[in-house]
Amino acid sequence: MFTKSDITRQAIIEKSAPIFNTKGYSATTMSDILLATGLTKGGVYGNFESKDQIAIEAFEHSIGKLLEALRFKIKKENTAKDKLFAILSFYKNYSISPLTAGGCPLLNTAIESDDNLPFLKIKAQKALDELLGGLSLIIRKGIESKEFRDDLDAQKEATLIFSVIQGGLMMSKLTDNPKILNGLLENLKATISTQYLR
């Protein structure tokens with residue numbers, strides 16, 4: 001049973017997440033959070049010790065939504081190839097139609113937290129490890145089931161796939177051109193179809 005405090009806390013996280021993801025940590029003010037939640041400072045600080053704590057939980061909320069949506073798409077598929085294709089399909093048009101306002105929470109947080117926000121960088125690193133680990137696992141299972149070539153390096157291929165997705169996402173966002181990301185996703189599909197399968 002959720003208490004009133006639990007519900008308020010969750011509402012603060014959910015309403016703050018798109019603000020942090022759109023404006024970034026540094027540009028997001030407590031006034032933004034108060035405006036979005038309709039709470040007083042006391043109402044927010046009664047549930048969180050600091051802006052840092054809200055930012056951490058807002059990032060975890062956004063990345064959790066992304067991971068849950070990815071898992072949902074992946075679980076519907078049976079073969080390793082189709083699971084990889086489901087991931088690529090998930091990211092189609094992501095630069096203009098992201099799951100959370102502002103774009104990819106991992107990309108946004110990784111860029112902003114690189115040098116000056118170690119508490120967020122740690123969270124972004126953990127999310128990256130989870131996403132890469134999931135990709136690598138799919139490829140390893142494809143190798144084990146004899147669907148994929150046994151000379152593939154699962155970790156290397158997972159890193160390549162994710163780097164192309166994130167790089168394409170960054171370029172599409174920067175140029176307001178979703179075709180860049182979508183074209184790279186099609187290239188990845190072709191690579192998987194022609195170079196991964198036995």
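Helix H8 spans residues 154–175 of this predicted model, with helices taken as DSSP runs (H or I, at least four residues) numbered from the N terminus. Its 22 residues reach 32 Å from first to last C-alpha, close to the expected 32 Å, which is 1.5 Å times one less than the number of residues. Residues are numbered from 1 along each chain as its sequence is written. Local features need pLDDT of at least 70 and side-chain atom pairs pLDDT 80 or more, while totals for chains, interfaces and linings use all residues; side-chain values use heavy atoms, without hydrogens or water.

Which residues of H8 are buried? They are Ala154, Glu157, Ala158, Ile161, Phe162, Ile165, Gln166, Gly168, Leu169 and Ser172, where buried means under 20% relative accessible area, exposed over 50% and partly exposed in between (1.4 Å probe, protein chains only). These residues lie on the same side of H8 because they cover an arc of only 160 degrees around the axis, taken from the directions from the helix axis to the C-beta atoms. The face turned away from them carries exposed Lys156 and Leu174. The buried residues pack against H5 (80–91), H6 (105–113), H7 (118–144) and H9 (178–196), with contact meaning heavy atoms within 4.5 Å.

Just after H8, Asp176 takes a positive phi of about 55 degrees.

Note on methods. Helix = DSSP H or I, 4+ residues; strand = E, 2+ residues; numbered from the N terminus.
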